[in-house]
Amino acid sequence: MPRPEPAFARRWRHKFNAALDRQTGSTTTVKEGSEAFIFPLAQYISLHLILSGFLLFSLGFLPRSQAWLDGILPLLKIAPSAETKPATLKQTISADRPEHLFLTPLTANINVTLAWTIGGLVVSMIWWGAHLRRWWVASRTAERAAGSQVERDNTVKAAQKALLAAVAGSFILYPLLVILGAPITSHVVQTYLFALHFSLLTILPTVYALGIPSLYEAGSFERYRLTRLFCELEYVHSLHPLAIAVLTPATFRPRTQLERATVYPVFGALVGAWFGVIPLALDWDRPWQTWPLPPVLTSIIGFIIGGLASFMHSITVEAVEASKAAVTTQAEAERAEQERNGEKSKRKKRKGGKAA
């Protein structure tokens, strides 16, 4: 059985629900001045597809720029001449079964690959976080009465805070990765770069969009929202009491389209990174199985799938609500028609009685 809800969580849940109740029409529409803000689903999916291309490009093609960089730096006298360097990249393992030529520049130097990927992630996630932030600021008007603090910093300051939060989060993720099985005495740089990669993928856009809540009473609303979105579970109990003891399914609790657009990619990246460790345990002895290339790739794929899942969930909810509204409208129209027909029949009966 789940633990009882704390009093402070119950209090702020009521305040948050009151803010949602003040929204116009649905949970995705709030008043902004005299106009209504509606989450732009079509714009969201188009931007998410562009972001997906950026993320895949950062991992699949940016690391290939290292060859161009190695050739241009000696000309700028920043690095020694590349004449002594090999002309082609050689595989260090699995030489009896060479990998595809597309993968060789990615597996030849894992640190270089991760560095280029992180560079692409910084640009991509700042761009994505700016769009999320704009949507969140536009949707916070109804929450002010419930105690929400709308971040008044400009975009540059918000981006700086998000980058600092991502770097700080990487130092927290590193020991967690070691606890979960990452190498302790070896691959230190690779493990940290993966922690920074995952932090940029998840923490940076979230902090950029929602900000860092104040530790004082004024930030209680934002702290409760972050807790509700990323930490709190909504238990769905089965009707059968024995099933509760065996299995109690739980779901995270984003309620609006914007919340799903923010939360689903984060958990998609988390699930993707978790499944990405499976190839590491296989004894295929392939270069692409080197830590942490598989989790890096699957975390990006999970992030992309999470965004697509949020879009599918939102349009499904919209379709269901539109269907319910259509059925309700039709039922009301039929009821009104029946009332009109009843009134007509009553008037005819009264006229017939008078005539008799």
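This is a predicted model: local features need pLDDT of at least 70, side-chain atom pairs count only at pLDDT 80 or more; totals for chains, interfaces and linings use all residues.
The chain has 356 residues, and 38% of them count as buried. Its secondary structure comes to 11 helices and 4 strands.

Next, confidence. The average pLDDT over the chain is 77, and 69% of the residues score at least 70. Over residues 145-151, pLDDT stays under 50, and the model has 27 contacts for them beyond four places in sequence. Residues 235-251 also stay under 50, and for that stretch the model has 18 contacts beyond four places in sequence.

Now the largest pocket. Its volume is about 860 Å³. What lines the largest pocket, and which residues lie nearest its centre? The lining consists of 29 residues, and those nearest the centre are Leu-173, Leu-176, Leu-180, Phe-198 and Leu-270.

As for which elements contribute, four helices each supply at least two lining residues: helix 6, residues 155-179; helix 7, residues 188-210; helix 8, residues 220-230; and helix 10, residues 257-275. Helix 7 gives the most, with 7 residues.

How do the lining residues divide into nonpolar, polar and charged? There are 25 nonpolar residues and 4 polar ones in the lining of the largest pocket, and no charged ones.

You will find Leu-51 in helix 2, which covers residues 41-60. Is Leu-51 buried or exposed? The cut-off for buried is under 20% relative accessible area. Leu-51 has a relative accessible area of 1%, so Leu-51 is buried.

Which residues does Leu-51 touch, leaving out those up to four places away in sequence? They are Ser-124, Met-125, Trp-127, Trp-128 and Phe-303. Take Trp-127 from that list: Leu-51 and Trp-127 are 76 residues apart in sequence, while their C-alpha atoms are 8.6 Å apart in space.

To go back over the main points: the largest pocket has a lining with no charged residues, helix 7 gives the most to that lining, and Leu-51 in helix 2 is buried. The stretches 145-151 and 235-251 are where I reported pLDDT under 50. That is what I have for today.

Notes
Residues are numbered from 1 along each chain as its sequence is written. Side-chain values use heavy atoms; hydrogens and water are left out. On a 1 Å grid over the protein atoms alone, a cavity is a set of points where a 1.4 Å probe fits but cannot get out, and a pocket is an open set with protein on both sides within 12 Å along at least five of seven lines; lining residues have an atom within 4 Å of a point. Grid points are joined across faces, edges and corners, and a volume is the space filled by probe spheres set on the points. Ala, Val, Leu, Ile, Met, Phe, Trp, Tyr, Cys and Pro count as nonpolar, Asp, Glu, Lys and Arg as charged, and the others, Gly among them, as polar. pLDDT is the predictor's confidence in each residue, from 0 to 100. Contact means heavy atoms within 4.5 Å. Buried means under 20% relative accessible area, exposed over 50%, partly exposed in between (1.4 Å probe, protein chains only).
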